[in-house]
Amino acid sequence: MKEHDFRPKPLLTKREREVFELLVQDQTTKEIASQLFISEKTVRNHISNTMQKLGVKGRSQAVIELVRLGELKI
């Protein structure tokens, strides 16, 4: 494998990214669950997992950190 072929593993899973993209559009947990055809508990789990990865304590902090890292655009 060539050096320039290496791509770092994305911080977020595809589903975590989808959840946060909807979250910054001011969607509620219930609305996100409905749009993604998953349970509200699963939405909360994705948010919680992302906050844990980032080492932050709230959704707002997670969004700020994801924007700062270039993982999310608002």
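**View 1. The buried residues of helix H1.** In this predicted model, helix H1 (residues 14–23) holds the buried residues Glu16, Val19, Phe20, Leu22 and Leu23, where buried means under 20% relative accessible area with a 1.4 Å probe and protein chains only. Because these residues cover an arc of only 160° around the axis, they lie on the same side of H1, the arc being that of the directions from the helix axis to the C-beta atoms. Their cover includes H2, H3 and helix H4 (59–68).

**View 2. The crossing of helices H2 and H3.** The axes of H2 (residues 29–36) and H3 (residues 40–54) come within 8 Å and cross at roughly 105°; axes are lines fitted to C-alpha atoms over the stretch in contact, with angles from 0 to 180 degrees between N-to-C directions. H2 is therefore roughly perpendicular to H3, a term for angles of 65 to 115 degrees. Thr29, Lys30, Ile32 and Ala33 of H2 meet Glu40, Val43 and Arg44 of H3, contact meaning heavy atoms within 4.5 Å.

**View 3. The whole chain.** The protein has 4 helices and 0 strands, helices being DSSP runs (H or I) of at least four residues and strands (E) of at least two. Buried residues make up 32% of its 74 residues, and the C-alpha atoms fill a box of roughly 45 × 25 × 20 Å along the principal axes.

**Notes.** Residues are numbered from 1 along each chain as its sequence is written, and side-chain values use heavy atoms, without hydrogens and water. Local features need pLDDT of at least 70 and side-chain atom pairs count only at pLDDT 80 or more, whereas totals for chains, interfaces and linings use all residues.

How values were computed: Angles under 35 degrees count as roughly parallel, over 145 as roughly antiparallel, 65 to 115 as roughly perpendicular and the rest as oblique. Buried means under 20% relative accessible area, exposed over 50%, partly exposed in between (1.4 Å probe, protein chains only).
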